[in-house]
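Welcome to my notebook. I open the structure below and write down what I look up, entry by entry.

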Amino acid sequence: MATATPIAQNWLKRIPLNEYNALEAERYSHLKHILTSPRHYQHASEDGEESTPAMVRGDATHAAILEPERFASEYLTYPGATRRGKDWDAWRSKHAEAVCITASERELALEMSRAVRADPLCMRYLERGEAEIAMCWTDPATGIRCKGRLDWITEMDGEPVIVGIKTAKASGLRLFTRQSCDLGYLMQWAMYREGFHEVTGEWPREMIEIAVENHAPWDPVVYRI
């Protein structure tokens with residue numbers, strides 16, 4: 001578990017992921033476990049969350065879509081088929097500081113990136129902006145310190161727009177709505193909107209979520225929350 005770093009003021013800026021993880025504040029990825037039970041939330045808060053293959057694939061997809069140059073330079077391709085076993089352990093020890101993915105995981109991330117970046121409506125929001133912006137604030141109702149990491153921030157007519165990326169089995173309205181409810185996205189959207197207002201004094205003009213399918217035909221859909 002990372003050593004917590006205390007924070008005393010509201011801010012919005014880009015910081016390395018390890019610094020963000022060390023900030024002593026509540027985060028959506030822990031709070032969402034309250035939907036299962038208080039015990040699950042307590043476990044996530046106290047013990048942290050181990051990186052899973054699904055989390056690695058999600059991070060790789062975000063990088064491929066939002067920061068293709070960083071994806072190309074920082075994500076190394078493991079030549080084996082699966083990220084486990086003696087061969088994986090030996091290879092991983094030689095590249096301890098890198099983000100390592102398999103060839104199939106790389107191609108999966110690139111397929112979704114190509115689909116999103118070829119879509120004119122998606123690129124209306126992604127053509128310019130900043131990726132992976134951290135924010136930290138004090139919730140005015142409870143006094144609890146909170147933090148969040150915005151996938152993307154852009155502007156429309158001089159007003160801020162928050163953009164998120166979600167991978168989905170199905171990006172259509174009915175099934176993506178169900179996924180959003182099941183996985184607590186509504187809580188995340190509300191938390192980030194309110195946090196942005198506490199930090200900047202502004203309400204975002206729009207909250208946009210781009211849902212892209214993680215299989216052919218890789219259909220991306222833009223949702224206004």
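**Aromatic rings.** I started with a cluster: F176, Y185, W189 and Y223 belong to one aromatic cluster. Rings of Phe, Tyr and Trp (its six-membered ring) pair if their centres lie within 6.5 Å; planes under 30 degrees apart count as stacked, over 60 as edge-to-face and the rest as tilted.

**Ground rules.** I am reading a predicted model, where local features need pLDDT of at least 70 and side-chain atom pairs count only at pLDDT 80 or more, while totals for chains, interfaces and linings use all residues. Residues are numbered from 1 along each chain as its sequence is written, and side-chain values use heavy atoms, with hydrogens and water left out.

**Back to the rings.** I searched the whole structure and got 7 aromatic pairs. I looked at W88 and W91: their ring centres are 6.3 Å apart and their planes lie at 25°, so this pair is stacked. Both sit in helix α6 (residues 86-94), 3 residues apart, which is about one helical turn. Helices (H or I, at least four residues) and strands (E, at least two) are DSSP runs, numbered from the N terminus.

Buried means under 20% relative accessible area, exposed over 50%, and partly exposed in between (1.4 Å probe, protein chains only).

**Charges over rings.** I found the charged end of K147 over the ring of Y20, 4.7 Å from its centre. K166 lies over the face of Y185, at 4.7 Å from the ring centre. For this, NZ of Lys or CZ of Arg must be within 6 Å of the ring centre and within 35 degrees of the ring normal.

**A strand residue.** Next I picked A168, in strand β7 (residues 159-168). A168 is buried, at 1% relative accessibility. Which residues does A168 touch, leaving aside its neighbours within four places in sequence? They are F176, Q179, V212, E213 and N214, where contact means heavy atoms within 4.5 Å. I also noted that A168 and Q179 are 11 residues apart in sequence and 7.9 Å apart in space, C-alpha to C-alpha.
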